[in-house]
Amino acid sequence: LANISTRALVGTGANIIIPGFVIAGSGSEQLLARGDGPALTGFGVSGALAQPSLSVFNSSGSVIASNTGWGTGTNPAQITSAGASVGAFALASGSADSALIVNVSAGAYTMQLSGVSNSTGVALAEVYEVP
């Protein structure tokens, strides 16, 4: 498996997108996790989430990575490069879409994709294995 994604309506409270994934084997994997909202308008999706917030949790429930506004992180060039290497559509420079690179060991994880300030709309949650 190289990628998994789901598109859904992000609500508030318990009605956010919460996909889970499991890493098997030994060692660690580098993943690209994305929470796309504004980018979806370019694909004709109406009602897209204007400002997604993305967090990745380990099986203990601890946040191991989070992002709001992918270009505001410490590594936007790495995110752009990883996206291109896995075939993900490009995120516009300065967009409010969320994305991060995270290194994970074998185990169970969840992502939470919500709207900043309890905003709502359609969003896409994605996880890619980065080669």
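1. In S5, the bridge partner of Glu29 is Val104. Strands here are DSSP runs of E of at least two residues, helices are runs of H or I of at least four, and both are numbered from the N terminus. S2 and S5 run antiparallel and are joined by 12 bridges.

2. This is a predicted model, in which local features need pLDDT of at least 70 and side-chain atom pairs count only at pLDDT 80 or more, while totals for chains, interfaces and linings use all residues. Residues are numbered from 1 along each chain as its sequence is written, and side-chain values use heavy atoms, with hydrogens and water left out.

3. The protein holds 1 helix and 6 strands. From the N terminus on, the order of elements is β-β-β-β-α-β-β.

4. Two strands pair if DSSP finds at least two bridges between them.

5. On its S6 side, S2 (residues 20–36) is joined to S6 (residues 121–129) by 6 bridges, and the two run antiparallel. Leu32 stands opposite Tyr128 in S6.

6. The largest nonpolar core has 20 residues; Phe21, Leu31, Leu100 and Met111 touch the most other members. Such a core is a set of buried Ala, Val, Leu, Ile, Met, Phe, Trp, Tyr and Cys residues joined through side-chain atoms within 4.5 Å. Buried means under 20% relative accessible area (1.4 Å probe, protein chains only). S2, strand S3 (52–58), strand S5 (98–115) and S6 each give two or more residues to this core. S5 gives the most, with 6 residues.

7. Met111 has contacts (heavy atoms within 4.5 Å) beyond its neighbours within four places in sequence, among them Ile17, Phe21, Leu54, Val56, Ala125 and Val127. A second, separate core of 11 residues includes Leu32, Ala82, Ala88 and Leu91.

8. Overall, 41% of the 131 residues count as buried. Of the contacts with a separation of 6 or more, 79% join residues 24 or more positions apart. The C-alpha atoms fill a box of roughly 40 × 30 × 25 Å, taken along the principal axes.

Notes: Buried < 20%, exposed > 50% of the residue type's maximum accessible area, 1.4 Å probe, protein only.
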